[in-house]
Amino acid sequence: MRLFPALSVASLLCFPMLSEADGWPQFRGPAADGSVEANLPDTWGDDKNIAWKAPLAGKGASTPVIVGGKVFLTTGVGGASDLVRHVLCFDAASGKVLWDKTVESDLPESESIREDHGYASATPAATADRLFVFFGKSGVFCFDHVGKQIWHTKVGSALNGWGSAASPVLHDGMVLVNACVESESLVALDQATGQERWRSSGLKESWHAPTLAKVGGKTQIVMGQAEYIRGFDAADGEEIWRCKSGISWYICPQPVINGGVAYVVGGRSGTGGVAVKLGGSGDVTGSHRLWTLDQGTNVPSPVLYGDHLYFAHQDKGEAYCVDLGSGEFVYEESLSPNPGQIYASPILAGDKILYLGRGGKSVWVRAGPKFEIAGSATLENGRGVFNASPAVAGDKLFLRSDKFLYCISAK
């Protein structure tokens, strides 16, 4: 861990933050857990319950974020040597493009991105008047809400064949960045200036956004990586604890926190998931690891509802429900209609869970220990490219493909 010199008082001021009523300001929503209270339609189609759709130049896996009646989104046009990245702002009511800014990319990028999900995968994070976007080795960029670039900071220079996808998270005047791909680091930047507050090294094969957890009145950052779950002090980046997970390769899904426990799923190899009680220090494997799962998922994150954890397998078209107390599987059921491969993380809207397949097929499942299909929908004939997770603002659902940004609402 490396601390940086104290900044001026002005630079330490936090920008106005947002309440849950303000929209979808970051990856996985206001609470970063995929949950929202909203009245969303049970079904939609290319000609049904579409409030508007806006064509997109370029592609990406980043989720739209919605703040103050504006939708912010990133795309990438071109390839490794001629890539142009765009930061876009749409009017949330009409879909009209309000502004379109490009950033200076550090080229060349990776010659090819596996699964062809593009060079704009990290979801932005927003305050009431600032927008923060992360583009891998090209760095972190800060914009105001009218499209003026405020600052730009690089966090590393390395590349990976899967690209760079970890979304930034905002906390206490800082932008927290998982720069595992770029520099094997967890980095905290000052929101006002982009200067580094601290940097912790040794973060390997961790491909999700930093996850915040309250522990004893302080905030920790929970990170899953190859073989370990680790907890860091959010104030200075010091590692507080680590727990052997049994997940022997990288972790993509976002951990979720509930009742003083971190629930982490993986799926590439080894154990499928682990529950770790928060509050320990040092190696807590023997004292705080509550249970492990024999199967998990490689890409989409889980959601929590009541006493259960829910997630879908990225390839099998199967949904799972796990008892939080015991770690036992309550059900393992096939989604119908089969949505195909799933990269998007599900959302929990009220008591329903939405699983979105990569081709554009969606399935609603009732949250609860009994498996029940609650609706389904299809966009782009099920043959599109939908790598991004859903977002919600009010009673409107926002989905992005490589062709369009959709606003869906009941009519």
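Q: Is Asp42 buried, partly exposed or exposed?
A: In this predicted model, local features need a pLDDT of at least 70 and side-chain atom pairs count only at pLDDT 80 or more, whereas totals for chains, interfaces and linings use all residues. Residues are numbered from 1 along each chain as its sequence is written, and side-chain values use heavy atoms, with hydrogens and water left out. Buried means under 20% relative accessible area, exposed over 50% and partly exposed in between, with a 1.4 Å probe and protein chains only. Because its relative accessibility is 36%, Asp42 is partly exposed.

Q: Which residue meets the side chain of Asp42 in a salt bridge?
A: A salt bridge is a side-chain nitrogen of Lys or Arg within 4 Å of a carboxyl oxygen of Asp or Glu. For Asp42, the N to O distance is 2.3 Å, and the partner is Lys352.

Q: How many residues apart are Lys352 and Asp42?
A: Strands (E, at least two residues) and helices (H or I, at least four) are DSSP runs numbered from the N terminus. Lys352 belongs to strand S31 (residues 352-356), while Asp42 sits in the loop between strand S3 (35-36) and strand S4 (50-55), so that the pair links distant parts of the chain, 310 residues apart.

Q: Is Lys352 buried or exposed?
A: The relative accessibility of Lys352 is 12%. Lys352 therefore counts as buried.

Q: What is the N to O distance between Arg366 and Asp351?
A: Arg366 and Asp351 form a salt bridge, and the distance is taken between their closest N and O atoms. That distance is 3.5 Å.

Q: How many residues apart in sequence are the parts that Arg366 and Asp351 tie together?
A: Arg366 lies in strand S32 (residues 361-366), and Asp351 lies in the loop between strand S30 (347-349) and S31. The pair therefore ties together parts separated in sequence by 15 residues.

Q: What is the mean pLDDT of the protein chain?
A: The pLDDT is the predictor's confidence in each residue, from 0 to 100. In the protein chain, 95% of the residues reach 70 or more, and the mean is 93.

Q: How many contacts does the stretch of residues 2-21 have beyond near neighbours in sequence?
A: Over residues 2-21 the pLDDT is below 50. Counting contacts as heavy atoms within 4.5 Å, the stretch has, beyond near neighbours in sequence, 39.
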